[in-house]
Amino acid sequence: MTGAAHGFDRRARARRLTVLLALLLMVMSVASLGWGAAGTSVWGAVADLAAGRALSPLDRLVLFDIRLPRLFLCILVGAALAVSGALMQGLFRNPLADPGIVGVSAGASLAAITAIVLGGLLPATVLSFAGDYLVAIAAFLGGWASTLLLYRVATRGGQTSVATMLLAGIALTALAMALVGVLTYLADDRQLRDLTFWQMGSLAGATWPKVLAAAPIILTALAAAPLLARGLNGLALGEAAAGHIGIPVQRVKNMAILTVAAATGAAVAVSGGIGFVGIVVPHVLRLASGPDHHTLLPNAALLGASLLLAADMIARTVLAPAELPIGIVTAILGAPVFLWILLRRHGAMGM
Amino acid sequence: MEALNITASLGRRQILQGVSAIANPGELTAIAGPNGCGKSTLLRCVTGEIPYSGEVRLNGMNVAKQTPWKLAALRAVQPQTAEVAFPFTVLEIVRLGLSAGLSAASSTLPFQALEAVDLAGFAGRFYQDLSGGKKQRVQLARVLVQVWQPMAHGKPRWLILDEPVSALDIGHQYTVMDLVKDYARRGGGVVAVMHDLNLTAMYADQVVLMQAGRVLADGPPQEVLTAENLSTAYNCRVPVSAPAPAGLPYLLPQARGTAA
């Protein structure tokens with residue numbers, strides 16, 4: 001007599017969902033490559049390659065230097081944001097927790113905007129070393145630093161108080177936003193335009209160096225996440241009960257915080273503020289196949305990547321040939337879905 | 001399992017003032033006492049949830065020096081209140097107990113445990129939709145699954161229960177107490193904080209009666225649960241083994257074994 005025989009074992013359903021989501025991601029990837037302002041066709045290019053003909057220089061440029069890095073960046077960032085959200089929610093035992101709430105995104109934004117506005121004051125050697133990546137590097141360091149600061153504030157004697165951490169996150173976010181306001185006043189017109197676009201989030205500037213900079217960090221974080229699955233499942237019972245079923249609670253919490261900081265910092269650094277992916281994706285998946293983190297985490301990575309690809313295609317299409325910042329698209333798509341979920345399934349969310 | 005000279009404070013108030021107690025394998029040890037006497041605090045020290053001074057020994061090992069996963073294979077702890085974040089099903093909650101310990105291979109165990117706590121057929125239900133009493137029994141099933149066999153490698157395993165019957169109706173109180181008593185009879189150790197003195201008298205092999213952070217009396221129920229001890233502990237008149245005044249109905253769980 002097993003769960004599967006009874007028809008309510010959600011593990012089997014979650015595994016079928018993993019397969020479906022992997023297929024969806026492949027379809028979305030191909031669609032994304034073939035989608036864009038230039039009339040380049042993926043199938044035309046594949047046919048050319050198969051027939052042994054050289055690609056036209058334009059096709060090569062559009063596919064390999066514009067759409068392919070953008071595709072990879074989109075997948076990496078979408079997966080990183082969704083998995084960060086799922087990890088954070090498991091850690092805080094609250095489906096509304098999100099890297100945006102504990103201040104990781106705010107810290108990253110403050111650092112990035114500081115770089116945009118005051119970056120010119122840095123020594124020339126630093127500037128020439130950082131080059132075009134100054135904003136990205138600053139965002140990553142800001143996310144990292146704010147997570148570590150938050151952790152120091154919220155941890156006493158090796159125990160992290162979830163409530164303190166959430167409240168400290170709110171305070172940190174408020175402080176960061178106030179400083180951002182000050183910097184906005186200091187900024188000149190060109191800087192104002194830069195920082196507004198950075199804040200709205202964009203994948204338009206995707207290049208191979210950006211992909212290669214973000215990939216190792218995000219892939220490491222994604223690989224580490226499944227190791228936390230059992231720990232996060234246990235934490236749903238409460239910290240004490242998790243310890244009693246044999247989970248090294250403090251180690252799980254430390255590792256989850258580091259993983260979130262790495263994934264979110266890297267994602268925010270290369271793409272600016274893209275919201276709601278981290279909250280909506282885990283929600284939808286919990287409704288579909290339950291809250292077990294063993295399947296929730298990989299499924300979140302797959303669905304997050306697909307969702308961001310879809311959002312990116314919309315962002316590229318609506319105002320073609322101009323582009324809408326992708327953060328606007330995810331907020332418009334995500335916020336109503338989030339509210340709808342709250343309204344419909346309030347009781348089942350465990351709040 | 002032994003607790004040696006345990007002291008513990010919450011904030012500035014000292015809750016436990018040098019408590020020593022022993023629980024033997026093969027026996028059900030009940031910790032009883034008035035509200036705020038420190039019985040739950042003692043349990044939380046024994047399970048390592050809060051800092052304490054003194055020493056807790058489990059099968060002869062100092063508990064403070066063991067890793068969580070080693071302890072989890074030896075003893076399971078049922079919490080008093082048990083809210084669970086996220087919409088897990090009953091089966092998924094009970095399975096959380098499985099992943100530790102020696103019984104990890106069995107996939108039928110969660111169903112056996114649910115049947116044992118009279119929740120057969122509830123596996124697919126959402127945990128947070130259940131009543132308080134049912135939640136308490138689901139948690140007991142999870143705890144049972146974790147240390148299903150009362151003995152492992154010739155050493156006893158332990159059930160540590162914080163008021164396991166507090167939310168249950170009288171029928172299920174019997175179900176649960178029979179179940180844990182049987183666990184003890186098969187060689188395991190059971191330590192339970194108990195509020196119901198009748199059930200304590202009926203099921204416990206040893207009683208630790210606490211008052212104001214100290215052990216007032218310990219030993220078999222016949223010696224500990226006396227009118228004198230209970231009146232001191234609870235600070236009111238507690239007659240023992242006296243029938244109710246004429247006309248007033250009273251229930252005596254202890255009479256359950258006799259023919260009706």
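A:Arg70 and A:Glu323 form a salt bridge in this predicted model, with their closest N and O atoms 2.9 Å apart. The term salt bridge is used here for a side-chain nitrogen of Lys or Arg within 4 Å of a carboxyl oxygen of Asp or Glu. A:Arg70 belongs to helix α4 of chain A and A:Glu323 to the loop between α15 and α16 (326–344) of chain A, so the pair ties together parts that are 253 residues apart in sequence. Helices (H or I, at least four residues) and strands (E, at least two) are DSSP runs, numbered from the N terminus. Over all chains, a search of the whole structure finds eleven salt bridges.

Residues are numbered from 1 along each chain as its sequence is written, and chains are lettered from A in the order in which they are written. Because the model is predicted, local features need pLDDT of at least 70, side-chain atom pairs count only at pLDDT 80 or more, and totals for chains, interfaces and linings use all residues, while side-chain values use heavy atoms, with hydrogens and water left out.

Now to the place where the two chains meet. Chain A brings 34 residues to the contact and chain B brings 31 residues, where contact means heavy atoms within 4.5 Å. Together the chains bury about 2700 Å², 64% of it on carbon and sulfur atoms; buried area is the accessible area (1.4 Å probe) that two parts lose on being put together, summed over both.

Which side chains meet in a salt bridge between B and A? They are those of B:Glu92 and A:Arg10, at 2.7 Å from N to O, and the rule finds one salt bridge across this interface. On the side of chain A that touches chain B, α1 (3–6), α2 (10–33), α4 (57–92), α11 (229–235) and α12 (239–244) of chain A each supply at least two residues. The largest share of that side, four residues, comes from α12(A).

Chain B also holds an open sheet of four strands, in the order β2-β1-β4-β5, with antiparallel pairing. Two strands pair if DSSP finds at least two bridges between them. The edge strands, β2 (13–22) and β5 (61–62) of chain B, each pair on one side only. The table shows two of the pairings.

| Strands | Direction | Bridges |
|---|---|---|
| β1 (residues 2–10) and β4 (residues 53–58) of chain B | antiparallel | four |
| β4(B) and β5(B) | antiparallel | two |

In β4(B), B:Arg57 is the bridge partner of B:Glu2, and B:Ser53 is the bridge partner of B:Thr7. B:Arg57 also stands opposite B:Asn62 in β5(B). β4(B) and β5(B) form a hairpin with two residues between them, and B:Asn59 in the turn has a positive phi of about 50 degrees.

How confident is the predictor in chain A? Its mean pLDDT is 83, and 91% of its residues reach 70 or more; pLDDT is the predictor's confidence in each residue, from 0 to 100. Within chain A, confidence is lowest in α1(A), at a mean of 46, and highest in helix α15 (residues 293–317), at 94. Residues 1–5 of chain A have a pLDDT below 50, and this stretch has eleven contacts in the model beyond near neighbours in sequence.
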